[in-house]
Structure formats: C-alpha cells, structure tokens
Amino acid sequence: MALSEFELINRFFTRQAVKQDLTVLGIGDDCALLAPPPESELAVTTDTLVEGAHFLPDTCPRDIGHKALAVNLSDLAAMGARPMWASLALTLPTADEAWLSGFAEGFLALAGRCSVELIGGNVSKGPLTITVQALGSTVAGTALRRSGATAGDRIYVTGLLGQGGLGLKMILGETGIDDGDALDHLYRPVPRVEVGLQLIGLASACIDVSDGLAADLGHVLVASQVGATLRWDDIPLSVAIRHYVQITGDWMFPLQAGDDYELCFTVPPSAEHTLQQRMAGLNCRYACIGRIEERGGLRLEKDGAMRELAMTGYRHFN
Ligand SMILES: [Mg+2]
C-alpha cells in the first residue's frame, strides 16, 4: 500500500465533527480511553459487511461507509442506548484513496448526525471487509431487551417492511418494479436511534429488524417465552411492495426480507397513550401489527384465515 496505515487513518478519519466529553483519549494511541457516564451501562455491538455478501462490488463507497455504521447504530437503537463511540476495522484490497475518501465521508456524516465519535481504527490488506464496533450508554438497568414481552402486549413496528428487500431485488434484476425509496432504504438505512431512546421505560421488549420481521420477532417470542398473532391488514407496506406482493403472490416477502433496520417492539396496553405522546414529536411512522399471546409460535391473520408462520428470515449459512 502506498500510504501507511497511520497515514490512511490520519488523512481520512480524523476529520470528524464529534468529540464526546467522556473520551479521555481518542484515535492515535494503542487504545482509546473512555470514561462511561456515571450510573450507566455500556451497550456494545459489532457487525461486519463483506463485499459480495452484504453489498455488491460496484456499491458507492459513501453508501458502504454509511451502512457499516448504520447497522451497528440500529443495534444500539434496539437496546434504547444512546450512541457514543465507534471503532472501525477496514480490510482493503488496495489503498484506493478515492474509495477511502468516499467511505469516510459516508461514515463520518452519519456519525456526525448521531453524535458518534470514531475512537479507533485498523487497516489491513485483503478482500474488502468492514467491521465496526459501536458503543452506547444506557441508564443502568433500563436497557430494552428481547425478553420482556408478556401476553396482552401490543406489537409495533416502525417504518415500512420489505423496503431493503425490494431494493435488493431491484439491483439484482429480480423484479421489474422501480422504486427509489426502496433503493434509498437499502443503501442508506436510517437507524431508529431517537425511537429507541423514547421507548425506555415504555417498551417491554425491542429488537431491530435486520433479518426480516418473522425471524426477528421470533427472537423476541423465544426470549420472552410467548407467542404472537399478527394482522396482515396492519402490516405497513409501501405502494411498491403491495404491488410486488400482488403480482408475485409472495406475501411472505415483506415479512422475511432482510435489511429493513426498523424497530419491532412490544408495549403493554396501559402504556399505549404514553407511546403516542412520545412518538408524536419524532416524525417516524409506526404501526400496531398484532399482539403477544401466551400460546407459543407466530401466527398471521390474513383474508379471514389464521396461518402459522415460520420464524425464519435471511440466514447467512443457508
Ligand atoms: Mg439486531
């Protein structure tokens, strides 16, 4: 590589706007030093994007930078954590400066919007792979988990389902539908950080929908030892997805497609009014799509019939 690892990080990644007060030492030493807020717990998550598996080889580097951070912030959002820090491990085939510049731009723009400080990085040579670790803080004992749903709770989801999945079908040439919103969602998902923060003390369980609603809600049901029934008519779908379902008959698609990065959460009926009040200021659509039940399994009420749904979605090793 023409530039050393230090030069690469220095040139492209230290031009960031965010500086957290609780960062004792940022980029530049062997480790960063962080001072978590008092009475807090740190939420820590990591995710990898691999060229060919998570994005196609010709994807715009700016979008890859955005998404590498976004998928991690989505996990913090699911816990109701406030994003604070991130570190980045980049594996690159060549030190392509135009690529790095675009990648850093996308990464740092989202970091700026979400008040995330990049506190460390590593660059090595190999097939294009991006690993990000994100850290957020929660008031001790308040983080949202998958395990708290109980019978009678209402199930909610933010945004629209199947958007990322339709975007992927478009770029793979698997559908004639042309929908800019779906593409935008695939390339530049917006982590629901503000929603997650508002759900603290309100939601009984929460997860981000990264592998499809059926699979991710399934994780909540297993962790909470409950079941659920969803109502098809209440599943939030775009006009384009409705059209896709209509022409293909594949109504499972929006329930199983990955890359949505919406939040799915459960709320006891007594908290629904507070939920409406808190969501009112967020400019984020959300919908009640069903309810938690004692009987295990996932069911869907559709066209007057009750169907059992497999709690599966996107799987890497299938
Ligand atoms: Mg997740």
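Where in the structure is the place of L33? L33 sits in strand β2, residues 33-34, where strands (E, at least two residues) and helices (H or I, at least four) are DSSP runs numbered from the N terminus. Keep in mind that this is a predicted model, in which local features need pLDDT of at least 70, side-chain atom pairs count only at pLDDT 80 or more, and totals for chains, interfaces and linings use all residues. Residues are numbered from 1 along each chain as its sequence is written, and side-chain values use heavy atoms, with hydrogens and water left out.

L33 is partly exposed, with a relative accessible area of 44%. On that scale, buried means under 20%, exposed means over 50%, and partly exposed is in between (1.4 Å probe, protein chains only). Together with V24 and L25, L33 makes a nonpolar surface patch of about 250 Å². Such a patch takes residues with over 30% relative accessible area and no salt bridge, joining nonpolar side chains (Val, Leu, Ile, Met, Phe, Trp, Tyr) within 5 Å. A salt bridge here is a side-chain nitrogen of Lys or Arg within 4 Å of a carboxyl oxygen of Asp or Glu.

Next, the aromatic rings. Rings of Phe, Tyr and Trp (its six-membered ring) pair if their centres lie within 6.5 Å; planes under 30 degrees apart are stacked, over 60 edge-to-face, and the rest tilted. That rule gives seven aromatic pairs. Take Y156 and F265: their ring centres are 5.5 Å apart and their planes are at 10°, so this pair is stacked. Y156 belongs to strand β7 (residues 154-158) and F265 to strand β10 (residues 262-267), so the pair links distant parts of the chain, 109 residues apart. Both Y156 and F265 are buried.

W232 and W251 pair up edge-to-face, at 6.3 Å centre to centre with 75° between the planes. W232 is in the loop between β9 (227-231) and α8 (239-248), while W251 is in the loop between α8 and α9 (253-256). These two tryptophans are buried as well. W232 also has K302 over its face, 5.3 Å from the ring centre. Elsewhere, ring pairs link F13, W99, F103 and F107 into a cluster.

Finally, the metal. D75 (OD) and D208 (OD) coordinate the magnesium ion at 2.0 to 2.1 Å. D75 lies in helix α2 (residues 61-78) and D208 in strand β8 (residues 205-209), so the pair ties together parts 133 residues apart in sequence. D75 is partly exposed at 21% relative accessible area, whereas D208 is buried at 3%.

How values were computed:
A charge sits over a ring if NZ of Lys or CZ of Arg is within 6 Å of the ring centre and within 35 degrees of the ring normal. Donors are N, O and S atoms within 2.8 Å of the metal (3.2 Å for Na, K and Ca); water is not among the atoms, so sites may look incomplete. Patches are made of residues with over 30% relative accessible area and no salt bridge: like charges are joined within 9 Å, nonpolar side chains (Val, Leu, Ile, Met, Phe, Trp, Tyr) within 5 Å. Accessible areas come from the Shrake-Rupley method with a 1.4 Å probe; for residues, only the protein chains shown count as cover.
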